[in-house]
Amino acid sequence: MTTTLTEAPPEKEPEAAPRKIRKRGRLVPYWLLLPGILWLVVFFALPLVYQASTSVQTGSLEDGFKVTWHFATYWDALNDYWPQFLRSVMYAGAATILCLLLGYPLAYLIAFRAGRWRNLILVLVIAPFFTSFLIRTLAWKTILADGGPVVGALNSLHFLDVTSWLGVTEGDRVLATPLAVICGLTYNFLPFMILPLYTSLERIDGRLHEAAGDLYARPSTTFRKVTFPLSMPGVVSGTLLTFIPAAGDYVNADLLGSTDTRMVGNVIQTQFLRILDYPTAAALSFILMAAILVMVTVYIRKSGTEDLV
């Protein structure tokens with residue numbers, strides 16, 4: 001007599017555990033983003049809301065400020081300080097153009113010609129950041145001092161005659177003039193232009209240059225048709241990283257300029273810390289932020305790099 005043994009069917013694993021694991025896996029990116037989101041909320045969003053409420057307040061430091069939705073503060077601030085706004089845009093724009101003209105050849109050299117010296121040159125580009133922004137700006141007061149070698153050389157070359165005709169210097173001196181402020185802005189923000197340009201140029205495939213040469217393109221044509229168009233993301237990023245902080249800067253205008261070269265950042269700093277007119281200072285800050293946002297958006301769309309928005 002034979003008996004057949006039937007094996008018991010295998011037990012099915014519960015499906016709840018894999019679902020929980022998959023759910024936890026989907027939540028991991030959000031948990032990783034949480035510290036950054038909290039940082040932005042605490043140190044950006046909340047101060048922005050507070051400044052927005054401050055800009056529509058009325059009152060005084062003795063009696064206190066209250067939210068009265070006084071939007072006329074914006075018009076009054078713009079009507080009183082529009083020259084400083086215009087001056088900020090002009091100085092920041094000039095500094096950005098100079099940074100691009102100075103930074104692009106250096107970034108091109110580092111990306112394609114530096115060879116084993118590449119890392120050293122990059123360190124030299126970043127090296128100024130190891131010194132305080134204030135110290136670097138004060139150093140320019142010595143460099144551009146009246147009777148110094150730099151001003152003497154510019155006088156001997158009659159360069160200051162041209163800049164005086166353009167209205168950016170006065171007589172035989174550079175300090176306390178628009179040129180000094182623009183030079184300070186250019187120097188302090190030049191690395192912000194060089195690094196994005198280098199990153200963009202370094203990604204260009206060298207075989208494209210070889211292909212252009214095989215098609216008998218001259219070096220100037222290769223640069224105009226191949227290199228520069230492919231480096232446009234770096235150009236846009238560099239100009240934004242330079243123009244935006246330069247437009248709101250007040251240290252260079254305060255240390256290298258005069259009362260005739262005050263920028264909107266100087267006005268905001270004075271309103272906040274000296275006059276203690278907090279609504280006007282907050283309104284000026286929001287006007288500057290809105291103006292920069294509009295200009296940046298238009299610039300990005302005109303440059304054909306909408307993916308950076």
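How far apart are the closest N and O atoms in the salt bridge that R207 forms with D205? They are 2.7 Å apart. This is a predicted model, in which local features need pLDDT of at least 70, side-chain atom pairs count only at pLDDT 80 or more, and totals for chains, interfaces and linings use all residues. Residues are numbered from 1 along each chain as its sequence is written, and side-chain values use heavy atoms, with hydrogens and water left out. Here is a short tour of the salt bridges, ring pairs, surface patch and pocket.

**Salt bridges**

- The structure holds two salt bridges, a term for a side-chain nitrogen of Lys or Arg within 4 Å of a carboxyl oxygen of Asp or Glu.
- Buried here means under 20% relative accessible area, exposed over 50%, and partly exposed in between (1.4 Å probe, protein chains only).
- R173 and D146 also meet through their side chains, with 3.0 Å from N to O. R173 sits in the loop between α6 (159-166) and α7, and D146 in the loop between α4 and α5 (149-156), so this bridge ties together parts that are 27 residues apart in sequence.
- R173 is partly exposed, with a relative accessible area of 31%, and D146 is partly exposed at 42%.

**Aromatic pairs**

- Searching the whole structure gives 13 aromatic pairs. Rings of Phe, Tyr and Trp (its six-membered ring) pair if their centres lie within 6.5 Å; planes under 30 degrees apart count as stacked, over 60 as edge-to-face and the rest as tilted.
- W140 and Y187 make a tilted pair, 5.7 Å centre to centre with 55° between the planes. Because W140 lies in helix α4 (residues 133-143) and Y187 in helix α7 (residues 178-202), the pair ties together parts that are 47 residues apart in sequence. Helices (H or I, at least four residues) are DSSP runs numbered from the N terminus.
- W140 counts as buried at 17% relative accessibility, whereas Y187 is partly exposed at 31%.
- F189 and F192 are also tilted, with ring centres 6.0 Å apart and planes at 40°. They are three residues apart in helix α7, so about one helical turn separates them.
- F189 is buried at 6% relative accessibility, and F192 is partly exposed at 31%.
- Y104, Y108, F112, F223 and F228 are linked into a cluster by ring pairs.

**Nonpolar surface patch**

- L33, I37, W39, L40, V41, V42, F43, F44 and L46 make a nonpolar surface patch of about 940 Å². Patches are made of residues with over 30% relative accessible area and no salt bridge, with like charges joined within 9 Å and nonpolar side chains (Val, Leu, Ile, Met, Phe, Trp, Tyr) within 5 Å; accessible areas come from the Shrake-Rupley method with a 1.4 Å probe, and for residues only the protein chains shown count as cover.
- W39 is found in helix α1 (residues 16-55) and is exposed at 56% relative accessibility.

**Largest pocket**

- The largest pocket holds about 180 Å³ of space. On a 1 Å grid over the protein atoms alone, a pocket is an open set of points where a 1.4 Å probe fits, with protein on both sides within 12 Å along at least five of seven lines; lining residues have an atom within 4 Å of a point. Grid points are joined across faces, edges and corners, and the volume is the space filled by probe spheres set on the points.
- Its lining consists of G93, T96, I97, L100, T239, L240, F243, M295, V296 and Y299.
- At least two lining residues come from each of α2 (72-112), α10 (232-247) and α13 (278-302), and α2 gives the largest share, four residues.
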